[in-house]
Amino acid sequence: MPSKLPVYAARCALSYRIFFLLLWAVIVYPLNFTTVQAADNTLTLSDAMSRAMAQNPRLQVFDLRLDGLQGRRITADLSPALEVGAEVENFLGTADARGLVGAELTLTLSSTLELGGQRQARVSAVDSRRELVEAERRAETLDLLGQVAQRFVATLALQEKLQLAADAVSLAQSTLDIVTRRANQGATSQAEVLRARAALTQGQIEQSRLQSELVSRKMALALLWGDTSAEFGQLQGDLFQFGSSDSFETLFQRVSDSPAIQVYASEQRVREAEIQLARSQSESDIGWQVGVRRREDTDDFAFTAGFSVPLFPVQRNRGEVRAARAARDEVRYRRETTLLNLHSYLFDAYQQRQQSIAAVERIRNEMLPDLSEALTQTREAYESGRYSYVEWMAAQRELLAAQRALVDSAATALLNQALIEQLTAQPLADR
């Protein structure tokens with residue numbers, strides 16, 4: 001019977017390539033980060049994902065596992081081995097059996113006839129494990145790409161915050177210049193100059209802290225493709241592009257077909273194959289042997305033959321079948337538990353994404369215009385002597401806090417969007 005492995009391997013390879021194309025659409029397109037060729041020393045999300053898929057050690061081990069299973073399949077497909085034996089009887093005795101006078105030499109050839117389709121059951125068990133490893137690789141790949149997307153978003157958000165910190169330092173410097181000019185004119189006290197200078201120093205310290213954190217975030221991102229140094233500079237992407245979303249019920253329906261759940265379907269097939277293997281081993285194997293015997297005293301030759309059958313194999317193998325069934329039934333309950341956990345994760349991510357998108361819209365369309373206008377009016381009032389320095393600083397802090405809240409809300413929305421797409425293995429909706 002010809003082996004089905006080439007056809008099976010080709011089918012797996014094709015489905016694997018299609019899967020990666022789907023993953024590309026799942027993660028890159030929904031987040032709407034640009035996939036065009038980035039400028040020198042910049043990094044896009046698609047660049048980060050392609051590097052991680054090509055170089056991350058977590059994915060490389062699956063090729064070794066598949067190679068090991070290929071070796072096991074070769075072994076499982078072997079017929080029972082032939083054995084050659086030799087036996088000498090009636091020698092080194094007394095009287096007529098002294099020395100080799102009465103010796104009998106027997107040469108035998110023996111093996112086993114496997115019944116119950118044991119060979120095919122062994123091969124099927126290995127093939128089902130191969131399918132499980134492929135499913136695990138798909139789930140691991142999706143998990144890795146989800147990590148890349150989340151670290152990319154977090155780093156991009158920090159990059160935005162660093163720009164806000166630079167703007168805050170510039171604002172603090174401008175404030176110090178205005179306060180100093182007013183102090184020189186005698187319109188305000190020198191204490192306000194000192195406070196403005198301290199505010200500038202505090203802004204510079206915060207800017208330095210964010211720069212250091214950004215270096216660490218870039219390193220964490222680079223580690224996902226095995227680099228120990230971040231050779232890229234800026235990240236390229238849009239932090240404020242979200243798109244639409246399907247209902248929660250539709251999203252959860254997709255979870256049941258995601259790679260995380262398909263692993264259990266593959267494991268279920270492994271357990272079914274193990275049950276069939278255990279049942280096949282309940283059949284009695286027939287041991288046989290043939291040989292030739294020579295009598296030293298008469299110089300005669302004769303053929304020998306024999307067979308053996310184990311007694312009560314079904315009863316002796318009943319425990320293995322029972323254990324295999326229990327392992328199969330356990331998979332179903334673990335799948336149900338995982339679905340419940342995924343429901344919880346998906347619901348939290350869905351709610352946080354919806355709330356964060358709403359917060360972004362309100363901050364951008366309501367808070368920022370109001371606070372920007374309030375800052376302008378407060379500055380003018382301060383310069384004309386109608387408002388105090390404290391009121392002007394309060395207006396600045398409120399605007400800066402709203403800008404940071406805008407970045408935080410956008411990042412939260414995209415982080416939860418990446419998690420939703422990782423759980424469902426599909427884009428949220430058409431843009």
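This is a predicted model: local features need pLDDT of at least 70, side-chain atom pairs count only at pLDDT 80 or more; totals for chains, interfaces and linings use all residues.
Asp127 is buried, with a relative accessible area of 17%, where buried means under 20%, exposed over 50% and partly exposed in between, using a 1.4 Å probe and the protein chains only. Residues are numbered from 1 along each chain as its sequence is written, and side-chain values use heavy atoms, with hydrogens and water left out.

**Salt bridges**

Asp127 meets the side chain of Arg73 in a salt bridge, with 2.7 Å from N to O. The pair links distant parts of the chain, since Arg73 belongs to helix H3 and Asp127 to helix H4, 54 residues apart; helices (H or I, at least four residues) and strands (E, at least two) are DSSP runs, numbered from the N terminus. Arg73 is buried as well, at a relative accessible area of 10%. The structure holds 22 salt bridges, a salt bridge being a side-chain nitrogen of Lys or Arg within 4 Å of a carboxyl oxygen of Asp or Glu.

A second pair, Arg217 and Glu213, has its closest N and O atoms 3.2 Å apart. Because Arg217 and Glu213 are four residues apart in helix H5, they are separated by about one helical turn. Arg217 counts as partly exposed, at 31% relative accessibility, and Glu213 is likewise partly exposed, with a relative accessible area of 24%. Salt bridges that share partners join Glu206, Arg209, Glu213 and Arg217 into one network. A further salt bridge is formed by Arg328 with Asp329, the closest N and O atoms being 3.3 Å apart, and Asp329 counts as partly exposed at 32% relative accessibility.

**The largest pocket**

About 600 Å³ of space lies in the largest pocket. Grid points are joined across faces, edges and corners, and the volume is the space filled by probe spheres set on the points.

The lining of this pocket comprises 23 residues, of which Ala199, Gln202, Gly203, Arg397 and Leu400 lie nearest its centre. Helix H4 (118-184), helix H5 (190-223) and helix H9 (389-424) each supply at least two residues of the lining. By class, the lining residues divide into 13 nonpolar, four polar and six charged, with Ala, Val, Leu, Ile, Met, Phe, Trp, Tyr, Cys and Pro counted as nonpolar, Asp, Glu, Lys and Arg as charged, and the others, Gly among them, as polar.

**A nonpolar surface patch**

Leu82, Val84, Leu109 and Val290 make a nonpolar surface patch of about 380 Å². Leu82 lies in the loop between helix H3 (57-76) and strand S2 (83-89), and Leu82 is exposed, with a relative accessible area of 57%. Patches are made of residues with over 30% relative accessible area and no salt bridge, nonpolar side chains (Val, Leu, Ile, Met, Phe, Trp, Tyr) being joined within 5 Å and like charges within 9 Å.

**Pairs separated along the chain**

Ser384 lies in the loop between helix H8 (313-383) and H9 and counts as partly exposed at 46% relative accessibility.

| Pair | Separation along the chain | C-alpha separation |
|---|---|---|
| Ser384 and Ala187 | 197 residues | 9.5 Å |
| Gln422 and Gln147 | 275 residues | 9.1 Å |
| Gln354 and Thr412 | 58 residues | 10.0 Å |

Key:
On a 1 Å grid over the protein atoms alone, a cavity is a set of points where a 1.4 Å probe fits but cannot get out, and a pocket is an open set with protein on both sides within 12 Å along at least five of seven lines; lining residues have an atom within 4 Å of a point. Accessible areas come from the Shrake-Rupley method with a 1.4 Å probe; for residues, only the protein chains shown count as cover.
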